[in-house]
Amino acid sequence: SDDREGYCHINARNSRSYWLSTIDVQMSMPMPAENSLNYISRCVVCQSPTNVWAVHSQGDPEYKCDGSSNNLLWNGYSYMMSVIQSQQGLGQNLISPGSCLQHFRPRPILECNNNGGKCFIWKGASSYWMKQINDSQQFVKPQGVTYKRNP
C-alpha cells in the first residue's frame with residue numbers, strides 16, 4: 001500500500017510467512033523475526049538427470065524404490081499438511097519430495113507475523129501425517145488415537 005510520502009509497503013500489515021522449522025531447537029517464546037534464523041530449516045537445490053519424487057506406503061515403514069534405476073535418497077515420514085494459529089492450512093503435494101520429511105516433529109511449521117515482527121511455533125498449530133495401516137484394515141473406519149510426545 002502507498003503511504004502519503006510515496007513509499008510502497010509490502011507485507012507490512014497483516015501478512016504472515018511460514019517456514020519449515022529445525023528439529024533440534026525449541027522456541028520458548030515468540031521472538032523478533034531477525035532472531036529466528038536458527039529455528040528455520042535450511043535447504044539446497046541440486047540438479048539431477050531424472051525427476052525426484054516421493055512414494056508413500058501406508059504398510060511398510062521401510063518402503064523400497066521399484067527397479068534398479070530408482071535410487072533411494074532417503075526414508076522419511078509422510079507429511080500432508082499443517083493448520084496454523086491463523087487458521088490457514090498449508091501442505092505439500094504427496095508426489096513432492098517435500099512431503100517426505102526425514103524427521104518427525106508434531107508442529108513442523110514456524111509462523112512469522114509480519115505486523116508484530118514476531119515468529120513462533122504456536123501451540124494451536126496442528127499437523128497431519130499419513131498413518132500406517134495393515135492390509136486387512138484398509139477399508140475399515142479408522143479409530144481415533146492420540147499420541148503424546150516424549151519429553
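W129 in strand 8 is the bridge partner of Y79. Strands here are DSSP runs of E with at least two residues, and helices would be runs of H or I with at least four residues, each kind numbered from the N terminus. Welcome to a predicted model, in which local features need pLDDT of at least 70 and side-chain atom pairs count only at pLDDT 80 or more, while totals for chains, interfaces and linings use all residues. Residues are numbered from 1 along each chain as its sequence is written, and side-chain values use heavy atoms, with hydrogens and water left out.

**The chain as a whole**

- The chain has 8 strands and 0 helices, so reading from the N terminus its elements simply run β-β-β-β-β-β-β-β.
- Of the 151 residues in the chain, 19% are buried; buried means under 20% relative accessible area, exposed means over 50%, and partly exposed lies in between, with a 1.4 Å probe and protein chains only.
- The accessible surface comes to about 12000 Å², and 51% of this surface belongs to carbon and sulfur atoms; the areas come from the Shrake-Rupley method with a 1.4 Å probe, and for residues only the protein chains shown count as cover.
- Among contacts with a separation of 6 or more, 65% are between residues 24 or more positions apart; a contact means heavy atoms within 4.5 Å.

- An open sheet is built from 4 strands in the order 1-6-7-2, with antiparallel pairing; two strands pair if DSSP finds at least two bridges between them.
- Strand 1 (16-20) and strand 2 (31-32) are the edge strands, each pairing on one side only.
- Strand 6 and strand 7 run antiparallel and are joined by 3 bridges.

**The disulfide**

- C112 stands opposite C119 in strand 7, and a disulfide joins C112 to C119, with an S to S distance of 2.0 Å.
- The structure holds 1 disulfide, where the criterion is a pair of cysteine sulfur atoms within 2.5 Å.
- The link of C112 and C119 is right-handed, with 110° about the S-S bond.
- Are these two cysteines buried or exposed? C112 is buried at a relative accessible area of 5%, and C119 counts as buried at 1%.
- Leaving aside neighbours within four places in sequence, C112 is in contact with S15, R16, S17, W19, K118 and C119.
- C100 is another buried cysteine, with a relative accessible area of 13%.

**Nonpolar cores**

- Which residues make up the largest nonpolar core? This core has 9 residues: M27, M31, Y39, I40, L110, C112, C119, F120 and I121.
- Strand 6 (109-113) and strand 7 (118-120) are the elements that give two or more residues to this core.
- Another core, of 6 residues, lies apart from it, and its members include I84, L101, I109 and A125.
- A nonpolar core is a set of buried Ala, Val, Leu, Ile, Met, Phe, Trp, Tyr and Cys residues joined through side-chain atoms within 4.5 Å.

- Strand 3 (residues 77-83) and strand 8 run antiparallel, joined by 4 bridges.
- Strand 8 (residues 126-129) has S127 and W129 on its covered face, and S126 and Y128 on its uncovered one.
- Ring pairs link W129 with Y77, Y79 and F104 into a cluster.
- A search of the whole structure finds 3 aromatic pairs; rings of Phe, Tyr and Trp (its six-membered ring) pair if their centres lie within 6.5 Å, and planes under 30 degrees apart count as stacked, over 60 as edge-to-face and the rest as tilted.
- S82 is found in strand 3 and counts as buried at 2% relative accessibility.
- Not counting residues up to four places away in sequence, S82 touches Q88, G89, L90, P108, I109, S126 and S127.
- S82 and I109 are 27 residues apart in sequence, with 7.3 Å from C-alpha to C-alpha.

**Two loop residues**

- T22 is found in the loop between strand 1 and strand 2, and is buried with a relative accessible area of 19%.
- Beyond its neighbours within four places in sequence, T22 is in contact with N38, Y39, I40, S41 and R105.
- S57 lies in the loop between strand 2 and strand 3, and counts as partly exposed at 25% relative accessibility.
- S57 and I133 are 76 residues apart in sequence and 9.0 Å apart in space, C-alpha to C-alpha.
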